Amino acid sequence: LLDKDSSIYVSVPAKNYVDLTSKILSSKGEGISEQDAKKIVERIDVLYAGLSTPKDRARLQISAKGSFPGIVQKAVLTKKNGFEKQKYEFKDTKYPSIDYYSMDGNSFQLSFPQESLICAAQNLYPVLEKFTREVQLSDFTPFNWIGQDNDEILVYITKPGQYLQNLIGSSINVNSRAIYGNLRQMIGQPK
């Protein structure tokens with residue numbers, strides 16, 4: 001469901017990284033407490049994210065597989081917590097509309113198009129549009145890499161020179177089209 005123009009793609013087996021995934025979700029979803037984020041994360045099997053584009057460094061798209069019964073959604077995405085329920089309308093699909101949630105002062109939108117799927121982005125429409133069209137997994141190399149069954153965090157960087165320049169603050173010539181690999185927490189090591 002992620003767009004193909006992100007600079008970085010990541011997959012996280014959330015159950016192995018509950019604290020990390022909860023912190024990411026609560027930091028991007030400003031109205032979501034870390035405790036509420038944990039309620040959602042504990043139900044996520046795998047979280048996929050596309051980060052940054054050359055034109056929009058702040059863009060983040062998230063799609064996660066798991067189990068999100070309506071009762072979980074109702075417990076977290078309440079008016080009391082600042083969420084407003086809205087609808088995206090679609091034409092010529094088997095899903096005429098899909099509910100999503102937004103908050104005042106927060107650019108992120110959140111949706112549960114199925115009980116097994118959660119999506120979040122600043123602009124959720126393109127992600128949900130792909131869902132309504134039932135787009136099949138493509139041969140796009142980053143998707144194949146992060147789509148593997150794995151107990152580690154998988155990372156694929158499509159523009160390594162640009163990313164490293166942002167990371168270290170100076171221009172660097174990287175003679176590579178992509179960087180990819182896996183990250184894992186070493187047992188007994190600091191998190």
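Biologist: Which strand is serine 63 found in?

Modeller: Keep in mind that we're looking at a predicted model. Serine 63 touches Leu1, Leu2 and Val46, among others, not counting residues up to four places away in sequence. As for its own place, serine 63 is found in strand E3.

Biologist: Is serine 63 buried or exposed?

Modeller: Let's go by relative accessibility, where buried means under 20%. Serine 63 comes out at 7%, so it counts as buried.

Biologist: And what about isoleucine 62, buried or exposed?

Modeller: Isoleucine 62 is found in strand E3 too. Its relative accessibility is 8%, and the cut-off for buried is under 20%. So isoleucine 62 counts as buried.

Biologist: How many Å separate the C-alpha atoms of isoleucine 62 and alanine 121?

Modeller: Along the chain, these two are 59 residues apart. Leaving aside neighbours within four places in sequence, isoleucine 62 is in contact with Ile118, Cys119 and Ala120, among others. For the C-alpha atoms of isoleucine 62 and alanine 121, the separation is 6.3 Å.

Biologist: Which residues touch the most other members of the largest nonpolar core?

Modeller: In soluble globular proteins, nonpolar side chains tend to be buried together. Here the largest nonpolar core has 30 residues. Elements giving two or more residues to this core include strand E3 (60-66) and helix H2 (34-41). The members that touch the most others are Ile40, Ile44, Leu47, Leu77, Leu110 and Ile118.

Notes: Residues are numbered from 1 along each chain as its sequence is written. This is a predicted model: local features need pLDDT of at least 70, side-chain atom pairs count only at pLDDT 80 or more; totals for chains, interfaces and linings use all residues. Side-chain values use heavy atoms; hydrogens and water are left out. A nonpolar core is a set of buried Ala, Val, Leu, Ile, Met, Phe, Trp, Tyr and Cys residues joined through side-chain atoms within 4.5 Å. Buried means under 20% relative accessible area, exposed over 50%, partly exposed in between (1.4 Å probe, protein chains only). Helices (H or I, at least four residues) and strands (E, at least two) are DSSP runs, numbered from the N terminus. Contact means heavy atoms within 4.5 Å.
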